Amino acid sequence: MQPILEIDGLSKHFQLHEQNKLIPSCANVHLQVYTGQLTALIGPTGAGKSSVLKCVYRTYLPSGGRMVYRDAEGHRTDLAQASEHRMLELRQRDIGFVTQFLHCLPRRSALDVVCEPLVAQGVEREAARARASELLGLLNVPERLWGVPPATFSGGEKQRVNLARGLIARPRLLLLDEPTASLDPTTTERVIGLINSIKAEGVAMLAIFHHPDLVQRLADRVVELTPPVAVSDILETCAS
Ligand SMILES: Nc1ncnc2c1ncn2[C@@H]1O[C@H](COP(=O)(O)OP(=O)(O)O)[C@@H](O)[C@H]1O
Ligand SMILES: [Mg+2]
């Protein structure tokens, strides 16, 4: 079986021009993600886990390495080199991202925020709303909130909206950044159920979990990241 995503030697650093410094956020990352499987990224805070997901979604432009994505037709795209246009196309049809925090347009109801990915794929709004209601119900978002913009929601409520939006469109590759970090045990169990069911439908996932217990229950592969060494540290080590 060929991986849907193969990351080879990925690195990302940020240049702080004022201080003439390079801040590494992930370095020399290798991993594979397969259809119907979940690859978990583990490692301490600051190891670069979120940065890897942001590079795959191209929120960050990688500094080096390759991230080869295979689409449904078997075409390969190196996400590190892909055009903005290709990335928009992939985000619309192929790659979903449940970010750690909900980012959405203000003044749109929770229901419409959750619908967005389906509507973008051409599904009729009423059908999309029906599916969104089902997911919000499943994730225990009280019905009185469905018509309200999520800006005023609690952390846990926002996270449920974020998850519902990420799960609604069945992307081929789903990126999950600590999707259950502020959920209660009952809702966490429902999310585990949802993740298992989309896995069975063939969705590939690259995920970060807050609890090692979730990694054990959900991961088919585990990749451990270690914090990258700062360039200035390397220079000091060489000098000493
Ligand atoms: N936009 C950014 N600008 C500067 N440094 C960043 C940025 N994003 C991440 N970093 C740095 O990269 C390192 C890894 O961050 P992150 O990927 O969030 O790690 P993790 O998710 O494993 O906790 C951190 O030291 C962080 O400060
Ligand atoms: Mg993180």
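The model is predicted, so local features are given only at pLDDT of at least 70 and side-chain atom pairs only at pLDDT 80 or more, whereas totals for chains, interfaces and linings use all residues. Residues are numbered from 1 along each chain as its sequence is written, chains are lettered from A and ligands numbered from 1 in the order in which they are written, and side-chain values use heavy atoms, without hydrogens and water.

Side chains make polar contacts with the ligand (pairs of N or O atoms within 3.5 Å). An N or O atom in the side chain of serine 50 is 2.9 Å from an oxygen atom of ligand 1. For serine 51, the corresponding distance to a ligand oxygen is 2.6 Å. A nitrogen atom of ligand 1 lies 2.9 Å from a polar side-chain atom of tyrosine 60. On its own, ligand 1 has 560 Å² of accessible area, of which the protein covers 63% (Shrake-Rupley method, 1.4 Å probe). Helices (H or I, at least four residues) and strands (E, at least two) are DSSP runs, numbered from the N terminus.

One open sheet has four strands in the order β2-β1-β4-β5, with antiparallel pairing. Strands pair if DSSP finds at least two bridges between them. The edges are β2 and β5 (76-78); each has a single partner strand, so one side of each lacks a neighbour in the sheet. Neighbouring strands are turned by 25° against each other on average, direction ignored. Three bridges join β4 (residues 64-70) to β5 in the antiparallel sense. Valine 68 stands opposite aspartate 78 in β5. Helix α1 packs on this sheet and touches β1 (5-16), β2 and β4 (contact: heavy atoms within 4.5 Å). The direction of α1 makes about 105° with that of β1. Axes are lines fitted to C-alpha atoms, for helices over the stretch in contact, and angles run from 0 to 180 degrees between N-to-C directions.

Histidine 75 lies in the loop between β4 and β5. Leaving aside neighbours within four places in sequence, histidine 75 contacts Tyr69 and Arg70. Its C-alpha is 25 Å from that of valine 223, a residue 148 places away in sequence.

A further open sheet has five strands, ordered β6-β7-β8-β3-β9, with parallel pairing. Strands β6 (95-98) and β9 (221-224) form the edges; each has a single partner strand, so one side of each is left without a neighbour in the sheet. The twist averages 15° from one strand to the next. Four bridges join β6 to the parallel strand β7 (residues 173-177). Valine 98 stands opposite leucine 176 in β7. Helix α6 (residues 185-200) packs on the sheet, touching β3 (38-42), β7 and β8 (204-208). The direction of α6 makes about 150° with that of β8.

Notes. Polar contact = N/O pair within 3.5 Å; in protein donor to acceptor, adjacent residues only side chain to side chain.
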